[in-house]
Amino acid sequence: MENGEDDHRISAPGCLATYPYLHDLMRRYQLKDLVNVSAESFVKQLDEFLNIGDPAAEGADVPANPCDPSAGFYWGHHHDFGEFGVPGRMCKHHFSMLNVFIDELDVLPLCLDGLRVLDVGCWTGGTSLLLCAMGAEVVAVEEVERYAKCLDYLRYAFNIETLEVRNLSLYDCTTPDFQDAFDFVLLAGVLHHVSDPRLALRITFNCLKDGGQCLLETVSTSRHHLAEPYLSPAQRSQCAGMSRIGWNSLLFTPRNLAEMMGEVGYELAQPCRAIKYKTPQARLFTVGRRNHHVGLPRAGLSVRTIR
């Protein structure tokens, strides 16, 4: 394999040791566990979220494909509320993905008591809720307002005191309260959506404390050359009938992702791995450690004032 590359396969997410444990943790977010609202009002509010269908509410100025997450409302990950379940676009991906960081890469502890985690692109909160159940203090950021409001409602309904939800883009996480503030940044399913991945990675680097780690998961490509091209609109429209125009921009190889992370200051605590845990598509995993804050090459950088 090329430098920085490792190709690995696991047969099924359920075979990983902590999968049942994580599944059980999510059972604390069921109707029986509601604190601040009644079951009746909770179900009514979820129905209202699920029936949202106006992309103009997010300020869209172009026609939206009705299959896109920015049009309408789509639940992120499967959630069993006890008396009923809400199916999610990403199925049980939140369990499988965290499983890889815990069992395969041995970087995320099962007990996160006393640790702060920034969950970037939280959608309806599957990973954020799970991280809170593991003991973390979580700041969840989501650029789509309706999804941020949904997770904030779940936070209120279940009285989750260790969760803060903010309607922000990753590119907004440059204010003083985000600097040198987190033990982990979870950047899962995000990097292939952003327009400027190098800037995005530098922002996550700045958000970490010295010694902190970025847990990164993104779409992988099997092409093993250094530079993967920008996806054309035709390429972006080939996945599950969903238009990717405007929100699915880049694919990464293990090698070019490893080099990009090094450019922004990370030391790879784990090699970049293409791990096939979500049929049929392999996902790319790596862990970047911020040992200490370092400078950044400024040539060609879109925001030259970035820390």
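Predicted model: local features only at pLDDT ≥ 70, side-chain atom pairs only at ≥ 80, totals over all residues.

Student: What makes a space count as a cavity, and how many of 30 Å³ or more are found in the whole structure?

Tutor: A cavity is a set of grid points where a 1.4 Å probe fits but cannot get out, and a search of the whole structure finds one such space of 30 Å³ or more.

Student: Why is H2 called roughly antiparallel to H5?

Tutor: Helix H2 (residues 39-50) and helix H5 (residues 145-157) pack at an angle of about 170 degrees, with their axes 11 Å apart. Angles over 145 degrees count as roughly antiparallel, and therefore H2 is described as roughly antiparallel to H5.

Student: Which residues of H2 and H5 meet?

Tutor: Ser41, Phe42, Gln45, Leu46 and Phe49 in H2 meet Arg146, Lys149, Cys150, Tyr153, Leu154 and Ala157 in H5; sorted by class, this contact has seven nonpolar, two polar and two charged residues.

Student: Why is H3 called oblique to H4?

Tutor: The axes of helix H3 (residues 93-104) and helix H4 (residues 126-133) come within 9 Å and cross at roughly 55 degrees. Angles under 35 degrees count as roughly parallel, and the roughly perpendicular range is 65 to 115, so H3 is oblique to H4. The contact is made by His94, Phe95, Met97 and Leu98 of H3 together with Gly126, Thr127, Leu130 and Leu131 of H4, and by class it has five nonpolar, three polar and no charged residues. Among these residues, His94 and Gly126 also line the largest cavity.

Student: What makes H6 oblique to H8, and in which hand do they cross, left or right?

Tutor: Helix H6 (residues 197-207) and helix H8 (residues 254-263) have axes that come within 9 Å and cross at roughly 55 degrees, a value that makes H6 oblique to H8, and the crossing is right-handed. Pro197, Arg198 and Leu201 in H6 meet Met260, Met261 and Glu263 in H8, a contact with four nonpolar, no polar and two charged residues.

Methods:
Residues numbered from 1 in each chain as written. Heavy atoms only, no water. 1 Å grid on protein atoms, 1.4 Å probe; cavity = no way out; pocket = protein on both sides within 12 Å on 5 of 7 lines; lining within 4 Å. Points joined across faces, edges and corners; volume = space filled by probe spheres on them. Axes fitted to C-alpha atoms, helices over the stretch in contact; angles between N-to-C directions. Helix = DSSP H or I, 4+ residues; strand = E, 2+ residues; numbered from the N terminus. Left-handed = near helix turned anticlockwise from the far one by under 90°. Contact = heavy atoms within 4.5 Å. Nonpolar A, V, L, I, M, F, W, Y, C, P; charged D, E, K, R; others polar.
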